[in-house]
Amino acid sequence: MRVLEMGTGKTRTALELISIRLNKGKISHVLWLCPCSVKENLKKDIEKHIGKFNSELITICGIETLSSSIKANLELLQLVKNKSCYLIVDESNLVKNHKTKRTKNITRLAEKCKYKLILNGTPISRNEADLYSQWYILDWRILGYKSYWSFAANHLEIDEVGRIRNCLNTDYLVEKIAPYSYQVKKSECLDLPPKTYDEIYYTLTDEQDEHYEKVADELLFKVDELEPHTIYRLFTGLQNVISGFKVNTKNKSLEKTDFFNDPLDNPRIQCLLEILEQINTDEKIIIFCKYTKEITDIVEILNSKFGHNVAIPFYGEINQKQRQKNLCEFMDKGQFLIANKTCAGYGLNLQFCSYIIYYSNDWDYATRIQSEDRIHRIGQNKNVHIIDICAEYTLDERIIKCLKRKENLVNSFKYELDRTKDKYELYNWIQKRKDNKASNNIDKSDLIE
C-alpha cells in the first residue's frame, strides 16, 4: 500500500514499480482502477511520464463502473485470467465498504492478480474499519482475517444496534500493515505555500428561517436512531432549505421546489457574489457545490454578471468527453469552475488556481481533503485560500465543525441523541432556536453544541 498525500506524485511512484515488474517479466499487463472522473487526466499523467499511452499494456477502468456494469466486470475478469496483471487501485478509499458491489467485484479481480497496489492519500476517513477491505484486496493474510466479521470481533467495539463505538488492538493492525506500507507527506518532500481557511457567515431570510424550523420540527420527530436513514433524511431536508429549496416532508421521499423565484434573491448566492467581488479578477476560482441546481444557477448568474463563458460547469450529469472539454475551457479562458466534489475532487491538477470556495458542504472528510488538494500540490507557488460559506445557526455550522474534527456527522448526531437521552430535548432546542437568536441570550457556540 502506498499512502501518498495528494500532490506528492503517486502516479509516478506506481509507474516505477510497474516498470520493475515488467522488466523482470513478472507481469504482462496493468489494470488500473480509478474514479471515473479522472480517467482522462490519469491517461495524460501517464503519458507525461512514459510517452504515448499504450492501451495494449495498460487498461484503465472507473471504479464506479464496477458497481453496475456486468459487461465491464466480465471483460476485466477475463483479462486478469488470461494475462499476468498488475492491479492498481487508485483512491482506494472508494472501496473501503466491504458490503458494496464495487468492493466485492474488485476483490474478485484481485484474487487473480499476483501483484497489487493500492494508492490513497486518506485511507482512513472514519475509523480503523476502513482498513479491512482495502487490505483484503491486497491479501487477506496481511491482517490475517478472511471475513469482515472476524476482523470486527477483534478490533471493533460494536453496540447493540451495530454502531462502532471504539476501535481495539490498533497496535496489532499497525504492526501487521507496517511492512507493506509506504507513506509520503507533503511536508517531507514539497515546499508548498500554506493553506488559509476562512468562514463567511450569512443569515437566512425570515421566510427561510421559518421554513427551516418547520422542516426541523417535522423530521426530527421521525428520527429513529435505530434507522440511520431517518437521520440522513433530517440532514437532507435541512440542507435543502439552507441551499434555497422549499421542502415537502409529508411523503416518504422529500419533495423540493425552488424557494426563490429569482435565484438572486437567495442570500447564499448574494454571499457568494460579495466574496467574489473582493477577490482579484485575475484569479481562477473553484466553487464546489453539493447540488446540481446550485451549479446551474451559479453558472448562469456568473456568466450574466462577469461575461459569457467565464463560469464553467463540471458535474456528474455532464458526460466524460464534455467534462474534459469544459476543463480545457476553464484552463484556457474561464475564471470560475463550478463543480461538485464527486467529479472534480479526485485526480485533477488545478494548481494554477489558488482559491476554493465551498458554496455548500457535505460531511465526507475524505472527499473534502481530496478536493482541497486539487490546488495544493506540486507546482503551486501561491498561498492557497479555502473559503466556506455558512448559514448562521443552522446545520451548516455543525457540518463545518465535524469536518474540522474529521468526524462523521451522523455518528456525531447519534452521540447527541445518546447524550441527551431523549430526542425531545433536541426538539425543544430547535423550538427555542429562533427566540434565542432574537434575544441574543445564548452564545452561538452553545447553539452549535
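How many cavities of 30 Å³ or more does the structure hold? I count three. A cavity here is a set of points on a 1 Å grid over the protein atoms alone where a 1.4 Å probe fits but cannot get out.

Ground rules first. This is a predicted model, with local features needing pLDDT of at least 70 and side-chain atom pairs counting only at pLDDT 80 or more, while totals for chains, interfaces and linings use all residues. Residues are numbered from 1 along each chain as its sequence is written, and side-chain values use heavy atoms, without hydrogens and water.

Next I checked α12, residues 267-277. Eight of its eleven residues are buried (under 20% relative accessible area, 1.4 Å probe, protein chains only), among them R268 and C271. At its start, a side-chain oxygen of N266 comes within 3.0 Å of the backbone nitrogen of R268.

Last, the sheet. I find six strands in an open sheet, ordered β9-β16-β15-β12-β14-β13, with parallel pairing (at least two DSSP bridges between two strands). β9 and β13 each have a single partner strand, so one side of each lacks a neighbour in the sheet.

Terms used. Helix = DSSP H or I, 4+ residues; strand = E, 2+ residues; numbered from the N terminus. Buried < 20%, exposed > 50% of the residue type's maximum accessible area, 1.4 Å probe, protein only. Polar contact = N/O pair within 3.5 Å; in protein donor to acceptor, adjacent residues only side chain to side chain. 1 Å grid on protein atoms, 1.4 Å probe; cavity = no way out; pocket = protein on both sides within 12 Å on 5 of 7 lines; lining within 4 Å. Points joined across faces, edges and corners; volume = space filled by probe spheres on them.
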